[in-house]
Protein chains: 2
Amino acid sequence: MGKSAEARAPRQDNRRLDILDAAARLFARQGYHATSIRDIAAAAEMLPGSVYYHFASKEALLLAVYAEGVARIAAHVDAAVANKRAPRARLQAACAAHLEMLLDRSDYAQVVVRVLPLDAESIAPSLIALREDYERRFRDLVAALPLSPRTDRHMLRLALLGALNGAKVWYRTGRQTPASIARSFLQAIVPAA
Amino acid sequence: MGKSAEARAPRQDNRRLDILDAAARLFARQGYHATSIRDIAAAAEMLPGSVYYHFASKEALLLAVYAEGVARIAAHVDAAVANKRAPRARLQAACAAHLEMLLDRSDYAQVVVRVLPLDAESIAPSLIALREDYERRFRDLVAALPLSPRTDRHMLRLALLGALNGAKVWYRTGRQTPASIARSFLQAIVPAA
DNA sequence: GTATAAACCAAACGGTCGTTTGTTTTTTTA
DNA sequence: TAAAAAAACAAACGACCGTTTGGTTTATAC
């Protein structure tokens, strides 16, 4: 039976996920420094000291949340892009997927945008590397666009990502959808083909 | 003589400015929650308790820094815009001035972009109001642009401000100037006339 | 030159921080 | 069912937090 297969496996770090979820939620809402281990432990319904059985330090916990955030948003973007063929449609799908995660769906993704690498000095290089790995996707998507040769694709990518991440500040649910925002931004930033 | 005029005036909050400068510098570099009153007092070369002679609380100090930041960046942008006539040139000058303050010149301006209103709950409405007052300038500048009637000026403004503020994350001195970034962004975001 | 007020110091308040240690409970293994 | 391992508790550590209090210094005003 499936039952025995499940039961046989040692329960390994079952509540690690609870901690991770709680940390993602609080880091996204309050920021790194405004969130205490005690806050996280309470949200995960355990005592503060127990967190340290699963994570070596608060910074290590942030790194785990951040890495998971990058992995999730990257997977969501990759899936969205895979459905499209035209370069512009691919970029627009990527922007919409990015916004979906950032605005609605994922506390993890919000941590990636909200927490700055310098907030946790010792893991800053890791955070920067994770983020660059993700943003490389947009470099490739922009590279595939047919653009007038005097367009600076590097600056276009930076402008686009800045505009997308800035949406977290002003976005309120109801008025627009991630997809509609992506369409507007792309219409403004990338001259129609 | 001017000497007597100066000497007659009671020395009024002379070192308030030292505290404000130190706070702006530290808030801009480390964020609000990662900066302690003790850090600020040490940078201003006084004892922690003395700060409270000049400011009622840490949040009140943040509000003073934030307000000064908005005032300074607004003055700089206004001065830059006043030199130009054409709508597009005016917007570009505003973007360049905004970036100058954000990237190079002013710790105060960086606080306005870095610190989120929710970092200090009791003064959040004041911070939001200050920021909206400032950003209204960009609404007006965008409104004056000659654009195709199906362009969403609201989204264009949000995209532009997001792109500008995002520059704080990736900008390093030397490669580009605020003016060159402003030119690139405007070229990308606002279709040429 | 003395009263007055501004500015700052010195010291501490209660509380919270990230983290550690030793023990107990719970689950898995044999 | 007993031994072993995993997971959580209970309690505290020293350090730092924002802030308050009362006294001391310094400059102004009469």
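**Exercise 1.** In this predicted model, determine how the axes of H9(A) and helix H9 (residues 153–170) of chain B are placed relative to one another, and describe the contact of H9(A) with H9(B) by residue class.

*Solution.* Begin with the axes, which come within 7 Å and cross at roughly 105 degrees. Angles of 65 to 115 degrees count as roughly perpendicular, and therefore H9(A) is roughly perpendicular to H9(B). Next, look at the residues that make the contact, which include Leu158(A), Gly162(A), Asn165(A) and Trp170(A) on H9(A), and Leu158(B), Gly162(B), Asn165(B) and Trp170(B) on H9(B). Sorted by class, the contact of the two helices has 12 nonpolar and six polar residues, with no charged residues.

**Exercise 2.** Find which elements of chain A give two or more residues to the side that touches chain B, and which of them gives the most.

*Solution.* The contact takes 21 residues from chain A and 21 residues from chain B. On the side of chain A, the elements giving two or more residues are H9 and helix H10 (178–189), and H9(A) gives the most, with 11 residues. By class, this side of chain A divides into 13 nonpolar, six polar and two charged residues.

**Exercise 3.** Decide whether Leu164(A) is buried or exposed, and name the residues that Leu164(A) touches beyond four places away in sequence.

*Solution.* Leu164(A) has its place in helix H9 of chain A. Because Leu164(A) has 27 C-beta neighbours inside 10 Å, this residue counts as buried. Leu164(A) touches Cys95(A), His98(A), Leu99(A) and Phe185(A), when residues up to four places away in sequence are not counted. Taking Leu99(A) from that list, Leu164(A) and Leu99(A) are 65 residues apart in sequence, whereas C-alpha to C-alpha they are 6.7 Å apart in space.

Technical notes. Residues are numbered from 1 along each chain as its sequence is written. Chains are lettered from A and ligands numbered from 1 in the order in which they are written. This is a predicted model: local features need pLDDT of at least 70, side-chain atom pairs count only at pLDDT 80 or more; totals for chains, interfaces and linings use all residues. Helices (H or I, at least four residues) and strands (E, at least two) are DSSP runs, numbered from the N terminus. A residue is buried if 20 or more other C-beta atoms lie within 10 Å of its own, exposed if 12 or fewer, and partly exposed in between; C-beta atoms are placed from the backbone. Two residues are in contact if their C-beta atoms, placed from the backbone, lie within 7 Å. Axes are lines fitted to C-alpha atoms, for helices over the stretch in contact, and angles run from 0 to 180 degrees between N-to-C directions. Angles under 35 degrees count as roughly parallel, over 145 as roughly antiparallel, 65 to 115 as roughly perpendicular and the rest as oblique. Ala, Val, Leu, Ile, Met, Phe, Trp, Tyr, Cys and Pro count as nonpolar, Asp, Glu, Lys and Arg as charged, and the others, Gly among them, as polar.
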